[in-house]
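Visitor: I'm new here. Could you show me how to read this model, one feature at a time?

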Amino acid sequence: MKFSTILTLYIRNLKQYKRLPAVLAFSFIVPVIQYLIFSNLFNSLSDVPGNPYGNYPYYMYITPAIIILTAIFGSVNSSAALLVDLNTGYFDKLRATPASLAPQVIARFMSEFTRLSLQLFLIITVSILYHKRISGVLELPEAGILGLITIVLLAASFGIGVVGNLVVALAFKTKSEQAVQAVFPLFFVAVFMSTAYVPDVLLPDWLQSAIVYNPSEYLIRAVRGIFLEGFTDSTMDSVTIAVSCIIVLTTITSTINYRTITRSID
Amino acid sequence: MSENNIVVVKDLEKKYKSGTHAVKGINFEVKKGEIFGMLGPNGAGKTTTLQMMGTLLNITNGKIKILEYDVESDSSNVRENIGFALQEAGLDSLSTVKELIAFHVKLFGFRGVEIDRRVEQSLSLLDLHQYSDQMIPELSGGTQRRLDLAVSLVHDPKLLILDEPTTGLDPAHRSDLWTLLKKLKTEKGITIVLSTHYMEEADVLCDRLAIIDSGEIVAMDTPQKLKKTIGKDRIEFKLFESLSEEQIIALKDEFGEENISANDSFFTVRVDDGEETLLDTLKIIIQMEIKVKGTKVLRPSLDDVYLKYTGKRLEELS
């Protein structure tokens with residue numbers, strides 16, 4: 001497996017996106033709309049007594065949630081270009097060239113990671129501009145550029161590693177865009193059943209107990225910690241837990257993915 | 001392995017997890033510069049065999065060597081040296097003709113001016129210049145096939161594997177493709193292995209042919225020699241009136257009992273070369289005062305060969 005082959009495939013994949021504008025627009029516009037609507041609709045949540053994040057405006061509280069949602073939206077759509085190749089037979093055609101199975105899958109994940117990272121930077125830029133519009137101050141979050149890069153890396157790793165692996169496995173198994181899109185509500189519900197939109201003390205008791213089993217909760221805590229508080233000790237603890245969670249889940253999902261892909265050629 | 005053999009397939013077997021035994025221990029060799037065909041109906045195991053040769057499917061048992069590289073243990077070297085066009089022209093629907101060819105040139109490690117040179121060469125070879133900036137889904141089926149061949153040839157492969165290359169093409173495009181494949185063989189010396197269920201294609205194109213049925217090769221030789229195994233040509237004579245007993249006896253005396261078969265409306269005479277002997281045969285028959293309405297020379301076809309070895313007519317199966 002040559003790196004130059006992976007690089008050639010990676011560049012080709014990136015060029016493909018200019019011909020899939022709907023995929024790019026859909027996975028970016030929906031989170032932005034949700035961000036703008038939710039931050040206005042639930043603005044008064046910051047004033048609810050007992051809210052531990054009461055000193056932050058609500059739009060800042062939900063920014064991490066929107067970042068994660070963008071990562072999930074973008075990752076579910078990561079199979080779109082792959083499905084085009086699978087369904088036209090081009091994926092198999094390439095397998096009989098130096099772009100065999102492994103280079104194609106690696107290059108696909110690399111290009112999806114790049115695309116998703118750019119989308120995440122874009123959504124963070126939107127939140128910074130929105131903050132300027134409301135407060136009149138153009139400022140970066142407490143953790144600065146390094147913090148934003150860490151947020152993007154965490155969210156993109158979760159998106160591509162966990163969600164991306166599952167949707168790619170599903171794409172290989174079903175070769176159907178509808179089947180792949182059908183899993184999106186599962187992840188959507190997972191984000192809602194966390195502290196993404198409402199702090200834990202304001203959640204119903206049953207949900208407070210349930211969120212510890214929700215992997216996306218750990219990612220949201222880490223991203224929120226970096227975004228609102230900077231690299232504090234408690235944030236670093238959350239980041240460590242989130243990274244561990246991503247590694248474990250990515251290992252599981254990539255094993256599923258590997259088995260599904262190898263079965264498809266046996 | 002002989003130096004002349006580009007492909008050696010030995011005891012090749014493929015069992016799918018579903019239990020389907022698609023290929024049942026086949027053996028064949030393909031010599032350098034040869035067009036080798038696999039003729040059989042859908043489901044005979046042709047595509048499975050080609051996909052194993054092209055590293056697309058795992059092998060259950062047996063060995064395939066391509067240019068002395070083992071397909072399983074040395075698959076990357078195999079992929080560097082083959083061109084493979086699948087049954088359906090699988091192409092990137094999100095790029096233009098020129099972009100796709102350039103991408104394939106880069107995939108094989110070519111850089112700089114060599115990319116432009118090879119793109120130009122491919123466009124010219126397959127006569128694709130007029131489509132170079134067109135998006136691939138806008139092309140006709142025939143043009144997509146040509147493009148599929150173009151991208152399979154960008155690296156000057158030593159072996160070209162084609163799975164049913166003309167399926168779905170109209171007769172004109174089919175004939176163009178045959179001409180092109182012959183040109184690739186004679187001008188570039190490319191060895192070609194192809195599968196087909198068109199008997200005419202196998203007859204016109206292939207130097208040697210394997211007839212494959214239910215995962216097994218039932219016969220293998222040149223199309224001419226395979227047809228020879230069926231026997232002589234037949235000349236069919238349509239009759240105005242049925243033959244009399246005396247006329248039948250006279251025919252059997254003249255041509256031999258084993259070479260005559262007759263019914264009420266026609267009879268046939270088996271001869272070595274139907275076209276060559278037609279006139280002489282007709283003269284003898286007229287001398288016997290047999291009233292002939294029409295004649296037809298019937299030569300053994302590959303369908304007859306298929307019938308002989310499998311008990312089925314390929315025309316009906318396809």
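**A guided look around**

Guide: Let's start with B:Glu164, which lies in the loop between S7 and H6 of chain B. Helices (H or I, at least four residues) and strands (E, at least two) are DSSP runs, numbered from the N terminus. This is a predicted model, where local features need pLDDT of at least 70, side-chain atom pairs count only at pLDDT 80 or more, and totals for chains, interfaces and linings use all residues. Residues are numbered from 1 along each chain as its sequence is written, while chains are lettered from A and ligands numbered from 1 in the order in which they are written.

Visitor: What is the phi of B:Glu164 about?

Guide: About 45°, a positive value, although B:Glu164 is not a glycine.

Visitor: Is B:Glu164 buried or exposed?

Guide: You count neighbours: a residue is buried with 20 or more other C-beta atoms (placed from the backbone) within 10 Å of its own, exposed with 12 or fewer, and partly exposed in between. B:Glu164 counts as buried because it has 21 C-beta neighbours inside 10 Å.

Visitor: Where is B:Thr55 found?

Guide: In the loop that links helix H1 (46-53) and strand S4 (61-66) of chain B. Just after H1(B), B:Thr55 takes a positive phi of about 65°, and B:Thr55 is a residue other than glycine too.

Visitor: Why does B:Thr55 count as buried?

Guide: Because 25 C-beta neighbours sit inside 10 Å of B:Thr55.

Visitor: How many residues of H1(B) are buried?

Guide: 7 of the 8, so H1(B) is largely enclosed by the rest of the structure. Among the buried ones are B:Lys46, B:Thr48 and B:Leu50, along with B:Met52 and B:Met53.

Visitor: And where is the place of B:His173?

Guide: In helix H6 (residues 171-188) of chain B. B:His173 is partly exposed, because 17 other C-beta atoms lie within 10 Å.

Visitor: Let's do strands. Which residues point one way from strand S6 (residues 82-85) of chain B, and which the other way?

Guide: B:Ile82 and B:Phe84 go one way, B:Gly83 and B:Ala85 the other, and all are buried.

Visitor: How many bridges join S6(B) to strand S7 (residues 159-163) of chain B?

Guide: Two strands pair if DSSP finds at least two bridges between them. Here there are 4, and S6(B) and S7(B) run parallel. To find the spot on screen, look for B:Phe84, which stands opposite B:Ile161 in S7(B).

Visitor: What order do the strands have in the open sheet of 4 strands in chain B?

Guide: The order is S12-S13-S11-S14, with antiparallel pairing. Strand S12 (260-262) and strand S14 (292-298) of chain B are the edges, each pairing on one side only. S12(B) is joined by 3 bridges to strand S13 (residues 266-271) of chain B, and the two run antiparallel. There, B:Ala262 is opposite B:Phe267 in S13(B).

Visitor: Can we zoom out? How many helices and strands does chain B come to?

Guide: 12 helices and 14 strands. Its C-alpha atoms fill a box of roughly 80 × 45 × 35 Å along the principal axes, and 38% of the 318 residues of chain B count as buried.

Visitor: What do the records say about chain B?

Guide: An unreviewed UniProt entry annotates residues 7-239 of chain B as "domain: ABC transporter". That span is 36% helix and 29% strand, with its end C-alpha atoms 52 Å apart.

Visitor: And which residues of chain A does the annotation "domain: ABC transmembrane type-2" cover?

Guide: Residues 22-264, again according to an unreviewed UniProt entry. Over that stretch chain A is 77% helix and 0% strand, and the end C-alpha atoms are 29 Å apart.

Technical notes:
UniProt positions renumbered as here; feature names shortened; annotations may be inferred.
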